[in-house]
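Reader: I am new to this structure. Please take me through the terms and how each one is applied.

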Amino acid sequence: AGYPAADQAPRAPESEAMEVDDVPPPPPPPPGGRGPSERRAKVTLPPHEADDGPTYWRLGIDYPVGPQDHEVHIQCGRIKKLENLEAVGPNLKTLTLVASCIERVENLESNVNLEHLELYQNLVKKIENIGHLSKLTNLDLSFNKIRSCDSLGACQFEQLERLYLSSNKISDIEGVFHFRNVKLLEFGSNRIRCIPPDMGQLTKLEQLWLGKNKIVSMALPPLPALRHLSLQSNRLEAWDTSLFENAPGLTHAYFGHNNLPNLPDEFTKLTNLVELDLAKNAITLVRPMPQLTKLQDLWMNDNQVSDLAEARHLASFPALRTVYLERNPMHGLGNAESEARYKEAILQAAPDLVQLDAVRLNSEIKVVTDGEEKKVMGIRKR
């Protein structure tokens, strides 16, 4: 009973209270207030609105499924758990749950005919409980929290063609080399440091996406079917000639945002190249390569090419249609005369260009309209 309430300050004894009048008042605050926080406008928040809705929605309850559903496709569904799919059973061929809250791959035992499983952008930490899905052709577990794909080694996916595991926390490519029919592997935005030699077992692999990792060597095992290779934004500082020997069929090669030097002589072996990304490296020369008769797109912006005379070597690419060379020292960015000479030199060497840097050349935009836009009234101030 002798203690003050929790929301009340204790009272001073009467003897002390008598002396309060003798204390001089505090000085007034300085002009402008007592600090930034005092000078800020006071914001009054609106009253909180009660939300009686669920935190998560349930598959099979809030999102009904039945035997007639061969495909289930839900995006941003606030689904936390895979459940109730036995209602569809073996009829389910495609399951796509994108940008939800799924934490575990489970409860798919009855969906034995599933061909397409896409759990892109969820909260999955482990690849599990899918070994029985022998008819899978497409598996997408990108943008999750997976640290290892070793468990795929126990999955006999003989028909798997496309495997997406980008934007996870994977350190090693493993457990995938027995998928002999796989055509596409995507491991971009992980923590991978090397390309394993066992990759050579994937003789039908056509696309390999490894951008934004920590790879220091581009050494490749023989991949005769490989057409698309991305090694952008890694830690490459040297060319490895095994790449040109073991992937001679490349049509699209992306090496941008590394620290690679000038192209070696062996680069001319990639005679099927259509698109080549060399942006933001340490390249100082435009190497003439007349052997690359199919090359249409060449990206070499943000390098160290200082001599404008290097532009003449673009004439060695007869099929060239798009060139990016901006922000090299020879560009003279910000100097109108230098930029004009830059453009003139490139177009003199490659007169059939359709695009130079981000600018379309010799193209017209045709606007098709019925004139109705003229009837739209603007906003008038009162």
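**The core and the terms behind it**

Author: The largest nonpolar core holds 91 residues, and those with the most contacts inside it are I130, L152, F255 and L314. This is a predicted model, in which local features need pLDDT of at least 70 and side-chain atom pairs count only at pLDDT 80 or more, while totals for chains, interfaces and linings use all residues. Residues are numbered from 1 along each chain as its sequence is written, and side-chain values use heavy atoms, with hydrogens and water left out.

Reader: What makes a set of residues a nonpolar core?

Author: The members are buried Ala, Val, Leu, Ile, Met, Phe, Trp, Tyr and Cys residues joined through side-chain atoms within 4.5 Å. Strand 1 (71–75), strand 2, helix 3 (242–246) and helix 4 (336–349) are the elements that give two or more residues to this core. Helix 4 gives the most, with three residues.

Reader: How many helices and strands are there?

Author: The protein has four helices and 14 strands. Helices (H or I, at least four residues) and strands (E, at least two) are DSSP runs, numbered from the N terminus.

Reader: Which residues does I130 touch?

Author: Leaving out residues up to four places away in sequence, I130 touches V105, L108, L117, L139, L152, C155 and F157. A contact means heavy atoms within 4.5 Å.

Reader: Why is C149 called buried?

Author: Buried means under 20% relative accessible area, exposed over 50%, and partly exposed in between (1.4 Å probe, protein chains only). C149 has 0% relative accessibility, so C149 counts as buried. C155 is at 5% relative accessibility and therefore counts as buried.

Reader: Why does E106 count as buried?

Author: The relative accessibility of E106 is 15%, so E106 counts as buried. E106 lies in the loop between strand 2 (94–98) and strand 3 (116–118). Residues up to four places away in sequence aside, E106 touches K81, L82 and N129. Across the protein, buried residues make up 41% of the 382 residues.

Reader: How many disulfides are there?

Author: A disulfide is a pair of cysteine sulfur atoms within 2.5 Å. By this rule the count is zero.

Reader: What is the average pLDDT of the protein?

Author: pLDDT is the predictor's confidence in each residue, from 0 to 100. The protein averages 89, and 85% of the residues score at least 70. Over residues 1–20 the pLDDT is below 50, and this stretch has one contact in the model beyond near neighbours in sequence. Where pLDDT is low, the predicted coordinates should not be read in detail.
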